[in-house]
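Subject: Structure handover

Hello,

Here is the structure for your files. My notes on its strands follow below.

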Amino acid sequence: MRIESFKVDREALLAQTLAGAFPDQRGRFGPFGGRYVPETLVPALDRLQEGVSSILPDPAFRAELESELRTWVGRPTPLTFARELSRRWGAEVWLKREDLAHTGAHKINNAIGQALLAKRLGAKRIVAETGAGQHGVASAAACARLGLPCVVYMGAVDMERQAPNVGRMKLLGAQVVPVTGGDQTLRAAIDEALRDWVSDPDGTYYLLGSAVGPHPYPYMVREFQSVIGVEARAQMLEQAGALPDVTVACVGGGSNAIGLFHPFVRDLGVKLLGFEAGGTGTGLGQNAASLAYGRPGVLQGCYSLLLQDEHGQVQETHSVSAGLDYPGVGPEHALLATIGRVSYEAAEDGESLEALAECCEAEGILPAIESAHAFAGAKRHAKANPGSRILIGLSGRGDKDMPTLQRTLLKGVL
Ligand SMILES: *Cc1c(COP(=O)(O)O)cnc(C)c1O
């Protein structure tokens, strides 16, 4: 079943979305989201949900978070006018610079937010999972800052692929635990972190890294990441003198995209475009584009769109970008896709690497390969819509990707 044939009242869901009705009491974004977890996890999630609703709006908590974001993370991050890309693409291109946030990507916004929340909840230790290592590094840094012990579960295969990030986490004081079960990558690491959390739900806090998982995680992560869109919207009005015609972001689990998009959802004149990992093609196993090619199903506590075969088996994914290589996507994106408020497309490995190279030479900025998918998509949009004002979410910097870039773009060059 594809999303077009999903039987829902799209008009009603759009109206509810614009009215801010989601997530509802049960943590649902329309038909998506919710909590599909074993009984043992329910009390911990209930307690977390209670903490989220009482602590997040608390003025003292907000003040502490804002102070950390300003003085430690380096917010607000700048909005940069991309002069040369604008000239080349025949468009007006603006970049929201999450690559300039501490630890090099947007992930720190969520990590410091949740670590502060964990402290308020009385947690004595933090567990986190990581795939490419970026969320592990952000979590380790946030925990060091707040004096909380941090354990990061990481697939054994990923530890080998992302050795520099393993070293960074260790320097930042985290214990990195290899996960040798399952697929030995992100999915297995999430399962292991959940298992750890269930064994001590009072003393331990599970710091989840994207807008996925059971309620209240997708909501909470959106709240912490929305700082991106709130800043970008105000900066566009101030620096460009207008809102963008289109706002573009890359989508893995969907946290940087929902953070950028959410403050624009009610601006119906602003088109929203998400780009997933198109990998090497449209076949099962060749990409990680759950919204473009997936079907509804349950993964890791949440009902959303997933890459699965006709028997419902979740599929292995492929992307040149480790941070986009996940078979599921956050439930709010599944809703936004269903009601057509956001359009999602896939950008393939090759065009994303080309876009990365173009951004480097045109703007003097090395984007993460994840972010380069948004650049590839933005370029496609610019060519089809000359003169449009485009805001790109530059989710992170590409220094971490040098080993991959050596093997691909730089092969034979150096
Ligand atoms: C992790 C990561 C992503 C993908 O995660 P989302 O939750 O979809 O944002 C994108 N860009 C960068 C730089 C990342 O590190």
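Strand 9 (residues 246-250) runs parallel to strand 14 (residues 389-394), and three bridges join them; two strands count as paired if DSSP finds at least two bridges between them. Within this pairing, valine 246 has isoleucine 390 as its bridge partner in strand 14. Strand 9 also pairs with strand 10 (residues 271-279), again in the parallel sense, over five bridges. There the bridge partner of valine 246 is lysine 271. Strands (E, at least two residues) and helices (H or I, at least four) are DSSP runs numbered from the N terminus.

This is a predicted model, in which local features need pLDDT of at least 70, side-chain atom pairs count only at pLDDT 80 or more, and totals for chains, interfaces and linings use all residues. Residues are numbered from 1 along each chain as its sequence is written, and side-chain values use heavy atoms, with hydrogens and water left out.

Five of the five residues of strand 9 are buried, meaning under 20% relative accessible area with a 1.4 Å probe, protein chains only (exposed is over 50%, partly exposed in between). Val246, Val248 and Cys250 point one way, and Thr247 and Ala249 the other. In a regular strand the side chains alternate between the two faces of the sheet.

Elsewhere, an open sheet of four strands has the order 7-6-5-8 with parallel pairing. Strand 7 (175-179) and strand 8 (204-207) are at its edges with a single partner strand each, so one side of each has no neighbour in the sheet.

Regards
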